[in-house]
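Q: I'd like to zoom in on one part of this model and really get to know it. Could you walk me through it slowly?

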Amino acid sequence: QVVPEMYFRQDFRLDDPNVLGKLTERPDFMLLKEKLSHYVDLVEINLQQQIQARSHSFFAALVSIQDLYNEVARTTATIAHIRERMHTMQSRLVDSSLRVLKDKRREANYRRLIATMENMSRVVEAQLHVKVLLSAGRFSDALDLIASTQKVLREKLVGVKSLRFVDTKLNEMIILIEKLMLRFCASRRARPAGTQR
């Protein structure tokens with residue numbers, strides 16, 4: 001530890017004239033003043049490094065969210081177009097009984113397609129949201145979202161080829177979360193008693 005322990009004591013206060021007086025009366029005050037200045041520099045450098053390290057993940061999350069919004073907007077436009085086509089189809093269902101049966105089948109297919117696309121959109125959105133939750137350190141919420149997304153994949157999106165690797169990616173995220181949680185717990189246990197806040 002670079003900073004002396006006395007500065008971490010709860011009763012240490014520089015605004016207390018007695019404490020400040022004791023420090024300035026010491027013969028090595030100038031050396032102490034230089035050390036304090038050095039400690040302030042160390043804290044400043046550490047803060048800058050932490051801010052720099054976390055800013056990348058913050059801006060990456062913003063980019064991911066923007067990509068998600070773009071994908072949702074495209075999906076919403078596609079759904080609106082499909083619904084408009086369904087409406088047009090329904091108005092023409094009066095022509096013949098054969099055409100009615102055909103159009104009904106097509107309508108059911110479109111409904112299944114819409115439901116599938118909405119579920120696909122939810123999966124894509126969830127995958128990006130998991131990353132946002134991880135960058136925020138919300139591991140439990142990320143695990144819950146992964147579990148519900150995997151359930152949608154198993155129950156509603158079986159056989160969708162474009163999503164065949166999503167379950168693998170979600171499992172990799174679970175492993176990553178477990179590692180992050182273990183590292184977090186280990187770092188909490190490894191801290192000396194006087195430095196935990």
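Which exposed residues does the face of H4 turned away from its buried side carry?

A: Let's start with the ground rules. This is a predicted model, where local features need pLDDT of at least 70 and side-chain atom pairs count only at pLDDT 80 or more, while totals for chains, interfaces and linings use all residues. Residues are numbered from 1 along each chain as its sequence is written, and side-chain values use heavy atoms, with hydrogens and water left out.

Now to your question: the face of H4 turned away from the buried side carries Arg 154, Glu 155 and Lys 156, which are exposed. Here "exposed" is over 50% relative accessible area, "buried" is under 20%, and "partly exposed" is in between (1.4 Å probe, protein chains only).

How does the helix look as a whole? H4 takes in residues 139-156, which is 18 residues. The expected span of a helix is 1.5 Å times one less than its number of residues.

The buried residues in H4 are Phe 139, Ala 142, Leu 145, Ile 146, Thr 149, Gln 150 and Leu 153. They cover an arc of only 135° around the axis, so they sit on the same side of H4. That arc is taken from the directions from the helix axis to the C-beta atoms.

The side chain of Asp 141 meets that of Arg 138 in a salt bridge, at 2.8 Å from N to O. A salt bridge here is a side-chain nitrogen of Lys or Arg within 4 Å of a carboxyl oxygen of Asp or Glu. As a bit of background, side chains of opposite charge can pair when their charged atoms come close. Asp 141 has a relative accessible area of 33%, so it counts as partly exposed. Arg 138 is partly exposed too, at 46%.

By that rule, the count of salt bridges comes to five. Among them is one between Asp 103 and Arg 106, at 3.8 Å from N to O. Both of those residues lie in helix H3 (residues 97-135), three residues apart, or about one turn of the helix. In that pair, Asp 103 counts as buried at 5% relative accessibility, whereas Arg 106 is partly exposed at 39%.

Definitions and conventions
Helix = DSSP H or I, 4+ residues; strand = E, 2+ residues; numbered from the N terminus.
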